[in-house]
Amino acid sequence: MAAREDAWIAELQQLRDRGLERQIRQYPEAGGKIRVDDRLLLNFSSNDYLGLARNPDVMASSESALRRWGAGSGASRLVTGSLPCHDELDQRLAVCKGYPAALVFGSGFLANVGIIPALLERTDWIVVDRLAHASLIDAAILSRAVLHRFQHNDAVHLDAILGKKPSAVKCLIVTESVFSMDGDLAPLKAIADVAQRHEALLMVDEAHATGIFGPGGGGLVRELNLESCVAIAMGTLSKALGSYGGFVACSETLRSILVNRARSLIFSTSLPPAVIGAALGALQYLETHPSLGAMLLDRSARFRARLHAAGFQTGGSASQIIPLIVGDNHKTLRFAQRLQKHGILTVAIRPPTVPPGTARLRLSVTLDHSPEDLEQAADILVRDARDEGIL
Ligand SMILES: Cc1ncc(COP(=O)(O)O)c(C=O)c1O
């Protein structure tokens with residue numbers, strides 16, 4: 001046991017030396033503006049993009065579900081844990097996404113690791129974008145299907161991989177619509193064309209698009225009218241919708257297959273009523289405030305243009321997620337520390353979350369940030385980057 005403890009200590013020291021150690025820090029509150037040690041910080045690391053986590057209507061809806069159905073559901077969806085609120089949320093999500101059916105999972109991560117292995121056998125192929133989220137890669141590995149990666153957002157490379165596939169082999173293509181660390185958009189139309197040509201199923205992870213893109217926040221698939229080409233539109237309730245949970249929008253038949261095969265649904269307790277109530281409240285709020293996503297994208301575009309003009313590398317960002325790519329791990333950490341002293345909270349994102357040599361600050365703009373906040377933040381970012389020798 002002592003030898004294992006020593007090995008762990010050495011491993012942690014190694015991570016520290018390489019600027020790769022991760023730590024859990026406590027913050028006194030959530031939101032786009034938070035108070036830390038009596039100072040107000042602009043938080044650019046929250047995925048609560050629309051500020052719904054603390055929205056009074058969303059919280060009231062959560063509280064009312066808590067009071068009506070209690071603190072926990074007591075069982076998985078397939079046993080006795082499917083309460084009226086769970087079914088209502090499935091139905092409301094289907095309408096929001098423009099699909100015949102939807103199914104809520106415990107989280108976005110659990111949705112991905114439930115859906116993908118449920119659809120694949122060992123001899124099938126799964127072809128995943130090279131920058132896809134860890135949950136998609138873990139799901140692919142868990143499925144034991146043959147895993148291929150295509151170059152990020154490269155439909156031509158995807159086509160070339162599929163060109164080598166024996167025709168009898170079934171295939172699932174997986175991408176995100178808005179990429180979590182780069183904020184760029186997948187060329188969904190081109191990918192859907194490739195999928196159609198090779199008779200492959202297409203799954204799109206809309207974790208960062210749901211609530212923001214598309215009519216009523218239905219996502220990028222919906223905005224581009226690609227529902228008939230994307231068999232599986234996965235999403236999460238934990239980002240723009242402000243609380244927690246994951247879901248898939250799909251056909252009624254596919255929903256039934258998942259109910260029968262998705263292990264993370266079958267063998268896990270369904271979400272507590274308060275969480276379901278918050279999601280229902282968020283969907284209701286989106287319905288009555290249909291321009292929130294457009295407002296966020298507009299503010300983000302102005303902020304990004306300002307940073308880009310000052311010389312920051314913002315990659316292909318076209319959303320509320322704006323990377324400031326620095327490269328070196330230690331330099332990125334120092335930049336984040338300096339910013340925090342000046343009222344800007346961002347977390348340095350380092351490998352393996354992003355490819356080696358592309359450490360960055362991942363800024364997410366939220367509706368808690370006013371246009372004036374963003375102006376002020378841009379000034380500080382530029383000044384501190386110059387002082388750190390990044391610009
Ligand atoms: C692209 C993507 N998919 C899935 C997830 C997992 O979602 P959740 O946080 O709801 O588990 C995330 C979360 O960061 C994500 O960025």
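Guide: One term to begin with: contact means heavy atoms within 4.5 Å. This is a predicted model, where local features need pLDDT of at least 70 and side-chain atom pairs count only at pLDDT 80 or more, while totals for chains, interfaces and linings use all residues. Residues are numbered from 1 along each chain as its sequence is written, and side-chain values use heavy atoms, with hydrogens and water left out.

Visitor: Okay, which residues in α4 meet α9?

Guide: Ile115, Ala118 and Leu119 in α4 meet Leu254, Ile257, Leu258 and Arg261 in α9. Six of the residues in this contact are nonpolar, none is polar and one is charged.

Visitor: And at what angle do those two helices pack?

Guide: About 100°, with the axes of α4 (residues 108-119) and α9 (residues 252-261) 10 Å apart. That is why α4 and α9 are roughly perpendicular to each other, a label for angles of 65 to 115 degrees.

Visitor: Switching topic: how many residues has the largest nonpolar core?

Guide: That core has 83 residues, and Leu50, Leu89, Ile173, Phe303 and Leu381 have the most contacts inside it. A nonpolar core is a set of buried Ala, Val, Leu, Ile, Met, Phe, Trp, Tyr and Cys residues joined through side-chain atoms within 4.5 Å, with buried meaning under 20% relative accessible area (1.4 Å probe, protein chains only).

Visitor: Where does this core lie?

Guide: Between domain 1 (24-49 + 291-387) and domain 2 (56-288), because both give residues to it. Those bounds come from an automatic or database domain assignment.

Visitor: Which residues are buried in α5?

Guide: In α5 (residues 134-143) they are Ser135, Leu136, Ile137, Ala139, Ala140 and Ser143.

Conventions
Axes are lines fitted to C-alpha atoms, for helices over the stretch in contact, and angles run from 0 to 180 degrees between N-to-C directions. Helices (H or I, at least four residues) and strands (E, at least two) are DSSP runs, numbered from the N terminus. Angles under 35 degrees count as roughly parallel, over 145 as roughly antiparallel, 65 to 115 as roughly perpendicular and the rest as oblique. Ala, Val, Leu, Ile, Met, Phe, Trp, Tyr, Cys and Pro count as nonpolar, Asp, Glu, Lys and Arg as charged, and the others, Gly among them, as polar. Buried means under 20% relative accessible area, exposed over 50%, partly exposed in between (1.4 Å probe, protein chains only).
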